[in-house]
Amino acid sequence: MDDHGESALGAGLSGALTEFGHRLMARVYYADTDFSGVVYHARYLEFLERGRSDYLRLAGVHHTELLDGKHGERIVWVVRRMEIHFRSPARMDDILTIDTRTEDISGARIFMAQQLKRGGEVLVEAKVEAAIVGENGRPRRFPKEWVAAFIPTDRS
């Protein structure tokens, strides 16, 4: 499988698979904040998306391959539903940890739980329901060969 330049970029850029799912570190930049230096609420969606995308990448599912039709047709991921609990704000220059884990897979859908933390403090929690959709816009069943990559046997 093509590494899409991953080996040239160095270890850690895409985070790491863990016993529970995936972990990614990110810094809060000025562009992520509002005029007060606090992360703008919509930016949390981007941090969470990076966590999910890198989880897919490290599990062997690359967006570019899906768009190229590697699995018989062009398929994409779509977020169907998201519930977000904002607990405490992140601020400029904070180092954040984005933890992503799979809770369930059903048909064309995957249910994920995410936490965005600063040190040990949970700042944001999210529940995400995503689906795989084919070129025609209709749901496509979650490939069986992906299930083992997304549901770790040990969910510590």
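**The nonpolar core and its surroundings**

Modeller: Happy to! In this predicted model, the largest nonpolar core is made up of 15 residues, and Phe47, Ala90, Leu96, Ile98 and Leu116 have the most contacts inside it. At least two residues of this core come from each of strand S2 (22-27), H2, strand S4 (95-106) and strand S6 (121-134). S6 gives the largest share, with 4 residues. There is also a second, separate core of 14 residues, and among its members are Leu56, Met112, Ile132 and Phe142. As a general background, nonpolar side chains in soluble globular proteins tend to be buried together.

Now let us stay with Phe47. Leaving aside residues up to four places away in sequence, Phe47 touches Ala26, Arg27, Val28, Asp32, Val39, Leu96, Ile98 and Leu116. Leu96, Ile98 and Leu116 are also on the list of residues with the most contacts inside the largest core.

Asp32, one of the residues that Phe47 touches, is found in the loop between S2 and H2. Asp32 counts as buried because its relative accessible area is 6%, which is under the 20% cut-off. With residues up to four places away in sequence again left out, Asp32 is in contact with Arg27, Val38, Val39, Tyr40, Arg43 and Phe47.

Finally, follow helix H2 (residues 43-58) to Ser53. Ser53 has 13% relative accessibility, so this serine is buried too. Its C-alpha atom is 8.8 Å from that of Ser14, although Ser53 and Ser14 are 39 residues apart along the chain.

Definitions and conventions. Residues numbered from 1 in each chain as written. Predicted model: local features only at pLDDT ≥ 70, side-chain atom pairs only at ≥ 80, totals over all residues. Heavy atoms only, no water. Buried < 20%, exposed > 50% of the residue type's maximum accessible area, 1.4 Å probe, protein only. Core = buried A, V, L, I, M, F, W, Y, C linked by side-chain atoms within 4.5 Å. Contact = heavy atoms within 4.5 Å.
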